[in-house]
Amino acid sequence: RDKYRLENICWISDMYDQRIQWAKDFLKDVFLAGMTTSGRTESINSFFDGFVNSNTMLNEFVVQYDKAIESRRAAKEEETSRL
């Protein structure tokens, strides 16, 4: 708020004060298998490990995301073929 000088705009201040409740509403219909926030973060970090880092630009992220998905699919196919 302070960075953009929005503290005097009432509805933005009210929304900011209520931000803790946003996630519950947006995720109420999403199944998360009982994972904690830190567990989900670790899972996401593990998924992207070796593909992106904190210096990855957005356009490169999209390319690397596709590579991460393809890698995950290939691993699943290989796992399935061994069964």
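Ile69 sits in helix 4, where helices are DSSP runs of H or I with at least four residues, strands are runs of E with at least two, and both are numbered from the N terminus. The model is predicted: local features need pLDDT of at least 70, side-chain atom pairs count only at pLDDT 80 or more, and totals for chains, interfaces and linings use all residues. Residues are numbered from 1 along each chain as its sequence is written, and side-chain values use heavy atoms, with hydrogens and water left out.

**Overall fold and confidence**

- The protein has four helices and zero strands.
- Along the sequence, the pattern reads α-α-α-α.
- Mean pLDDT (the predictor's confidence in each residue, from 0 to 100) is 79 for the protein, and 76% of its residues reach 70 or more.
- Among the elements, helix 4 has the highest mean pLDDT, at 90, while helix 2 (residues 22–27) has the lowest, at 64.

**Surface and burial**

- The accessible surface comes to about 7800 Å²; areas come from the Shrake-Rupley method with a 1.4 Å probe, and for residues only the protein chains shown count as cover.
- Carbon and sulfur atoms account for 54% of that surface.
- Of the 83 residues, 6% are buried; buried means under 20% relative accessible area, exposed over 50%, and partly exposed in between (1.4 Å probe, protein chains only).

- Ile69 is partly exposed, with a relative accessible area of 23%.
- The C-alpha atoms of Ile69 and Phe48 lie 9.3 Å apart, and the two residues are 21 positions apart along the chain.
- Gln64 also belongs to helix 4, which spans residues 58–82.
- Gln64 counts as buried because its relative accessibility is 11%.
- Beyond its neighbours within four places in sequence, Gln64 is in contact (heavy atoms within 4.5 Å) with Phe51 and Val52.
- The side chain of Gln64 reaches the backbone oxygen of Phe51 at 2.8 Å.

**Nonpolar patch at Ile9**

- Ile9, Trp11 and Met15 form a nonpolar surface patch, with about 320 Å² of accessible area together.
- Patch residues have over 30% relative accessible area and no salt bridge; like charges are joined within 9 Å, and nonpolar side chains (Val, Leu, Ile, Met, Phe, Trp, Tyr) within 5 Å.
- A salt bridge is a side-chain nitrogen of Lys or Arg within 4 Å of a carboxyl oxygen of Asp or Glu.
- Ile9 is in the segment before helix 1 (10–17).
- Ile9 counts as partly exposed because its relative accessible area is 34%.

How values were computed
Polar contact = N/O pair within 3.5 Å; in protein donor to acceptor, adjacent residues only side chain to side chain.
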